Structure formats: structure tokens, C-alpha cells
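I opened my notebook and loaded the structure.

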Amino acid sequence: MTSPIRADLLSRAARALRDEAAHERPDAIEAWQGMHGWHDVSRDVRKIARRRRIVFIVGVQLLALVVGVGAWAAASGRLPDLFSRHPAPAGRRAAPAGAHGRHGRPRPPVTPAAASPAPPPAGPVLPEGPSPVAAPSIAPATAVESEPVARATAASETSPGPAPRSSAPRSLSVTSPPRLALSARERAVETNRAGPLEPDEIYRQAHREHFVRRDYAAALALWDKYLAGGGGSLALEARYNRAIALVRLRRHEEALAALAPFAAGEHDGYRQQEAQALLRMLHATGPPSPSEPR
Amino acid sequence: MADDADNEATLVERLARGDEAALRDVYRAHRSALLRFARRLVGDAAAADDLVHEVFVRLPRAVRRMQPGAPLGGFLIAVAVNNARHHVRAAARRRRAQTRLAQEPRAPSGGTPDGEVERRQLAQALSRALDQLPLDQRVAFVLCAVEERTSADAATLAGTNESTMRARLFHARRKLREHLAGYHDEGGS
């Protein structure tokens, strides 16, 4: 319980604090303090205003810089490079020379017939990554996944070329991971066990083996299987991909034989330049020595 | 009365535009009252000066948040309350250091007929006791008990409601009585 003395003490203490604050400084000192204090306040207010102005100007300049860089990147075609860090199929990530233009620009989407990737350099670049034609053959797989019937019908009615390229990598990356742990042999067994496959499904699997998993032996087997079944609407592209798989596997003579019709322009110039470039490269490098690892 | 309100509204408008002359006018008109409040709140002259300085430096931006028609003096106190925390801590640290060093031995009570020393000692004891309180309760006590404002007025200044302010004041008083209980035992008076 609070005693009256303590309550009184608290009141007196409050009064003492009130009086002390009220009578602490003589008027002259108070006036001097006030004037001095105002100078300090004025100086600090100006300083803060100046700092804010500087921050604003720097911010505007930074913003202009970012906008300028963005505009430059968009104009020079580097913007997609900057923003394409999200997961993409390994085949596409590792295709710097073929999948990009002379200045590293990503090639705009074109129809397969018009696709003419930059010829491979003189050096043997193929074994290091997916072939320059890896990208075009991704699209059919996507089309197969999304609307196979419509795509197959349209393709058979129009032209023998593959379907236009689109956002294939995303759909591929979604479908492929659960099976990545299987070996090529297991996958082949699994494929056979599942019964006869539709040509489109074979094409899709071959494409995945080739450009996503980079299992060229499995891919070659599936390309052969696809072509053995008549090939369907994507036979020409499958034939070219098969040749690429042979190059990857360093089956020199077979690769030369497979590329020769393309290089000779037997398919209306389809992949002619790429095939010629590959042939030049194969002739330059010669057949692999037996001890050379594949 | 209406003229005063108009003048103050104009002043606030000029302040919000960053008019330095307006800030100077406000400083001259309100500094003393604000300093007294700050002195009571933090219990230390130097810390009170710092707090007042900070309030006026922040005022040109803070005034943009001011409700139209609110008294400027009350708004300044509200800004001071919002910025008082580290000044209160600084003042409390200084008082603790002084206490440890025992630089100011307490004079025997009743030594001066006018009770000046007694009053000063009591004020210092209260400041030390206030250091033990949370800032909210400290603000409540200073506004209501020291400055003798109504709880509604204090609640407005502290940005809370009246019942909360009363509760804070109640708890503050209870704790302060406990802290001041030893004042007589220590030979205060």
C-alpha cells in the first residue's frame, strides 16, 4: 500500500523536476543558447538538404545509366543474354559458337529451312558441345508434347521440314529430369517394353537423348529407329541429326557418308552450308586415332 | 484566435516548402517550451539540447505528416517524443556514470532554508528513477505528472489513446514510488 508520505514525495519530485527545467538557465544564457542553437539547426538543415539533393542527382544519374544500359542491351541484342540465366537445357547452355551470331547475339527465331547457323570455325568445335543445329530440332519435341496430332497433320500437309522453333527448352527441362538417372540401355529397354512408339514420340526421345542428355549412342539408335519407321514428317531433320550424332561419336566414315547428301545440296539446300562446314572440319581433322578417347 | 490559427497554418505551409525563415520563426517561438519539455523528459540539459536540435532539423520533413489544424507546439512535442529514445539512453548513461563516480555528494537535508538543494536532489532522484522506466511510461509521467497535462492531451501528443495513457501513468507512478522509496533511507530528507 502507498503511504501518503511516498505519494507526497512523488508529487514533490515531479514539481521539483518541473521547476528545475523551468529555472535552469538565466535569461542571458538562454538567449545565447537559443541563438547558437539556431545557427546549428540552420547549418544542419542546409547540410541535409544538400545531401538529399546530391542523393537525388546521383539517383537520377544511376537510373539514367541503368535505362541507357538497358536500351543499349536491347538494341545490341545482349538483353536476352543478361536475362537468360534461368535453367535451360544443357545442350543449349553449352552452345556458344553455333547458337549465337557473330557478336554473340542470339539468333532470332527462324524457320528451319531458312536456318543457316554460322558455319563452324575451322577448329574442331563439334565434340565440345551440341551441334549448331541442336536448337532447331528442339521445337518439334515441344510441338509433340503440346499438340502432336495437330502438328503432325499440319506438317504432313505443308512441307517435309521440321516445325518452327519455339520455346522448346522450357518444356524440355520440365519433362526430362525424372528420367535423367537412367542409363541409355535402361531407357532403351524401357522404351522397348512400353511397346511400339509413335514416330513423334521416337523423335522426341531421340532429341532428348541427343540435345539434353547428350547420349549420342542412344540418340543415334533412336534416330535410326525413327528413320526406319518411315521417318514421318521430320525425317530430313532426323537424318541430319543422325549425321551429327555420328560426328559426335567420331564414326568418321559414316559421318562423311551421312553428311555428303546435305553438303551436295540434294535436299534443296537444306543444311547445305552447315554440312559443308562439317565436312571441311572432318576432312581437316581426319579420322580419330584408335587410342583417342571418344 | 482565428488569426493565430491562420498564421500557424501559413507557417506550417512555408515550413513544408522548406522555407528557412519559417523554420527560424518556429524555432524562436517554440524552442524554450520544447527545451523545457525535453529537459523534463530526458532529465539532462545537454541531452535535452541535442533532442531539441534534432527536432528542429527534422521538422521541415516531419511537418508534412502533420494533421491540418493541429497545434504546432503539440506537434513539436510529438516529434520530440518520437525521437527521444536514444537521447534518454544517453542521459541515463551519463547519470549512471556520475552516480558511480560520486561526483556530487548529496548535501544534508534542510541545509538551505529555501530548499533549493533539496529540490535539486529530488529532481535528480526522480530523473534516475525515470531511467528505470520504459520510454512510454516515462513519457506518460512527464506529460501528465510533471507537465500537468490531461491524459487526453498527453495521449494525443504521444500518439496513443487515453486509456492506454492512463494505464502507462498508473504503472509509471507505481514503479517510481518503489524507486523513490529509498530516497529517505539514503539520507535525502
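Entry 1. Which residue of chain B forms a salt bridge with A:Arg12? I looked it up in this predicted model. The partner is B:Glu118, and the closest N and O atoms are 3.5 Å apart. I checked that value against the cut-off for a salt bridge, which is 4 Å.

Entry 2. I then asked how many salt bridges there are between chain A and chain B. The count is three. I also looked up polar contacts across the interface of the two chains. The rule finds eight residue pairs, with both residues at pLDDT 80 or more.

Entry 3. Next I wanted to know which helices of chain A supply the side that touches chain B. I noted α1 (4–22) and α2 (27–76), each with at least two residues there. The most comes from α1(A), which gives 15 residues.

Entry 4. I turned to the contact as a whole. It takes 31 residues from chain A and 36 residues from chain B. About 3,200 Å² is buried between the two chains. Carbon and sulfur atoms give 63% of that area. I asked which residues of chain A lose the most area to chain B. They are A:Leu10, A:Leu17 and A:Trp38. Together they make up 22% of what the chain A side buries.

Entry 5. I moved on to chain B by itself. I found ten helices and zero strands. Read along the sequence, the pattern is α-α-α-α-α-α-α-α-α-α. Chain B has 189 residues, and 46% of them are buried. I looked at its contacts with a separation of 6 or more. Residues 24 or more positions apart account for 66% of these. Chain B exposes about 9,700 Å², and carbon and sulfur atoms supply 48% of this area.

Entry 6. Last, I checked the confidence values. Chain B averages a pLDDT of 83, and 87% of its residues score at least 70. Where in chain B is the pLDDT below 50? I found this over residues 185–189. Beyond near neighbours in sequence, that stretch has eleven contacts in the model. For the complex, the predictor gives an ipTM of 0.74 and a pTM of 0.48.

How values were computed: Residues are numbered from 1 along each chain as its sequence is written. Chains are lettered from A and ligands numbered from 1 in the order in which they are written. This is a predicted model: local features need pLDDT of at least 70, side-chain atom pairs count only at pLDDT 80 or more; totals for chains, interfaces and linings use all residues. Side-chain values use heavy atoms; hydrogens and water are left out. pLDDT is the predictor's confidence in each residue, from 0 to 100. Contact means heavy atoms within 4.5 Å. Helices (H or I, at least four residues) and strands (E, at least two) are DSSP runs, numbered from the N terminus. Buried means under 20% relative accessible area, exposed over 50%, partly exposed in between (1.4 Å probe, protein chains only). Accessible areas come from the Shrake-Rupley method with a 1.4 Å probe; for residues, only the protein chains shown count as cover. Buried area is the accessible area (1.4 Å probe) that two parts lose on being put together, summed over both. A salt bridge is a side-chain nitrogen of Lys or Arg within 4 Å of a carboxyl oxygen of Asp or Glu. A polar contact is a pair of N or O atoms within 3.5 Å; within protein, one must be able to donate a hydrogen and the other to accept it, and residues adjacent in sequence count only if both atoms are side-chain atoms.
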